[in-house]
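Please open the model in your viewer and keep the sequence panel beside it.

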Amino acid sequence: VIRDRELDDLLRGYLADAGANAVGEAPSFDEAVRRVASRLGRRPFDGRMTLLLVAALLAVALAASALLASNVLPRPNVRETEMDGTTGSVVYASGDQVVLRDMATGVPSVLLENVHSVVSIGISPDGRWIAFQESLFGHGGPSPSVMWIVDARGSEPARLTPAERQISQFDWSPDSARIATVLPDAGRVSIISPQAPGTPQERDLPPGFGAAEVRWSPVAEEVFVRDGRTGEVILLPIAGGEPRVVLPGDLGSVTDRNDQLSISVDGTLLAATMADGVRLVDLASGRVREWLIDEVVLASDLSPDGRWVAALTEKRVAIGAVDENAIREVPIQLDLPVGAGAQIVFSPDSAKLLVIPGLEMPGSMVHLEPRTVEPLDWGLPSVIQISWEAAAGP
Amino acid sequence: MPGREGESANATTSLETQLSVFFGEHYSRMTRLAALICHEPASAEDAVQAAMEQAWRRRASLREPNRLRWWLDRIVVREAIRINRRWTPPRRTDRLTAEDAARLRDHEARVGPARLILDAAFGQLPVEQRAAIVLHLHAGYTVQETARLMGSAVETTRSRLRLARQRLRSELQEAMP
């Protein structure tokens, strides 16, 4: 086995030689300076530039007339999106609005306007309620935040938490009656009951546990809590009792996002995103299956039926089939560049995967393979829908 | 009194002198970084020239002159990554070609099979992983500095370094058991 130090020495030697050769073959410094000076000294408007400008103006005029003709206006970037795999709806903040959109029909409804700065948002599993967290000082750095709840059919928002609370993330309970949140500063998990206002139920976390994410177990009065520094996941009974470690820490590099856990509907499997892949835990036996991916992984999701795992890397979507011993990657080519806020979620029937490629995504998906990936005609060009069953084979 | 052509020639000469002073100490290092990251001479040449042009135009934004090296490295690395993303490397074949050997020729005869395998495997890494390796192991930047130069998170940079090492180690072990 080649040790790290040996490999680094080998690499240093190789890089030094290859670099020296490259310098020998590159244009001389004088030649490079001449070329750069010539490019810098060009008159800003020569014939080519004028032609380019005219062409650009024509293109803008054509695009504007096409937009007006189709009555479609550009939308602000979508941000802080929650795609709910249970209800078939997607809720997101866009500009200063909170919008709910039906995944099947694409029909949007603007629930709220003039929202200050939404930092997390989630729809209840029964589809009736939307909770969101509004940061008082915008998106930059830690800030006190307030959690609100609003009826998905439209209503005035009601406040759920005082302003001094710092909430990093929250999750609706399977019965849509409660919301679990992590209070990182206090080292606690807090359970809020929106329909029964009063003091929230709180559970202390183990000392030193850097809680970053909480997820309800679909089958019991327990929540999974992830340590954002080590990646350790514990199962915490709500009513009291000792927490149980379900995924040990330091199994791989953790990512700094707060949506890295997903659980199968029958509560038997838990998938955790790591920077180098996905760890799938069999919750009954504690067995961990690793799916290592040779790229930096941004997000992953376990299908509700527990048969598929999807991983979003910096460049593509990878889909893995879960079998008894391993996760086997399905050989499909789904290249797409994604931004930092990219998300994926399986549909309730586990047959489709929705991808929001993130904040920096330009508004076109035309380069994607049309047979397996088709843009949804929502006026939301950065949301796409993928089918892969055919590619997975028997 | 010189005519317009004479004035233009004088202005170009003056610009060349200023460029020479500005980039003189740094050209060789910029060329090395771009060549190692791009792993392809034409792209590397484009990256260095684009970086020089960009740096010259934005030189007023350099507030700390003693950070010139860091500032130039940041520009050239990002240009190399941008340009390289447009270029698809040829798929690696099992047999190394004369072109692979030529890229590594050196007069001290240090080129052995391991170097050739390393060169081919290094060329197949994603450009971001190559850049992380070059900045960290060749240019001597720390992981944090490498992350800042590339505009990435520290954790992402660590992952890139780890993945690159994993792949290179695996290629070497597979080819030279």
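Two strands count as paired if DSSP finds at least two bridges between them. Helices (H or I, at least four residues) and strands (E, at least two) are DSSP runs, numbered from the N terminus.

This is a predicted model, in which local features need pLDDT of at least 70 and side-chain atom pairs count only at pLDDT 80 or more, while totals for chains, interfaces and linings use all residues. Residues are numbered from 1 along each chain as its sequence is written, chains are lettered from A and ligands numbered from 1 in the order in which they are written, and side-chain values use heavy atoms, with hydrogens and water left out.

**Whole chain**

Of the 394 residues in chain A, 49% are buried, meaning under 20% relative accessible area with a 1.4 Å probe, protein chains only.

Next, select S13 to S16 of chain A. These 4 strands make an open sheet in the order S13-S14-S15-S16, with antiparallel pairing. At the edges are S13 (211–216) and S16, each pairing on one side only. From one strand to the next the twist averages 30°.

Start at S13(A), which 5 bridges join to S14(A), the two running antiparallel. Here A:Val214 lies opposite A:Val225 of S14(A).

**S14 to S15**

Move to S14 (residues 222–227), joined to S15(A) by 5 bridges, again antiparallel. A:Val223 faces A:Leu236 in S15(A). Follow the hairpin between these two strands: 5 residues separate them, and A:Gly231 has a positive phi near 85°.

**Inside S15**

Why is S15 (residues 233–237) of chain A largely enclosed by the rest of the structure? Because 5 of its 5 residues are buried. Show the side chains: A:Val233, A:Leu235 and A:Pro237 point one way, A:Ile234 and A:Leu236 the other, and all are buried. In a regular strand, side chains alternate between the two faces of the sheet.

**S15 to S16**

Finish at S16 (residues 244–247), which runs antiparallel to S15(A) and is joined to S15(A) by 3 bridges. Select A:Leu235 and its bridge partner in S16(A), A:Arg244. The hairpin of S15(A) and S16(A) has 6 residues between the strands, and in the turn A:Gly240 takes a positive phi of about 130°.

Terms used
Buried means under 20% relative accessible area, exposed over 50%, partly exposed in between (1.4 Å probe, protein chains only). Axes are lines fitted to C-alpha atoms, for helices over the stretch in contact, and angles run from 0 to 180 degrees between N-to-C directions.
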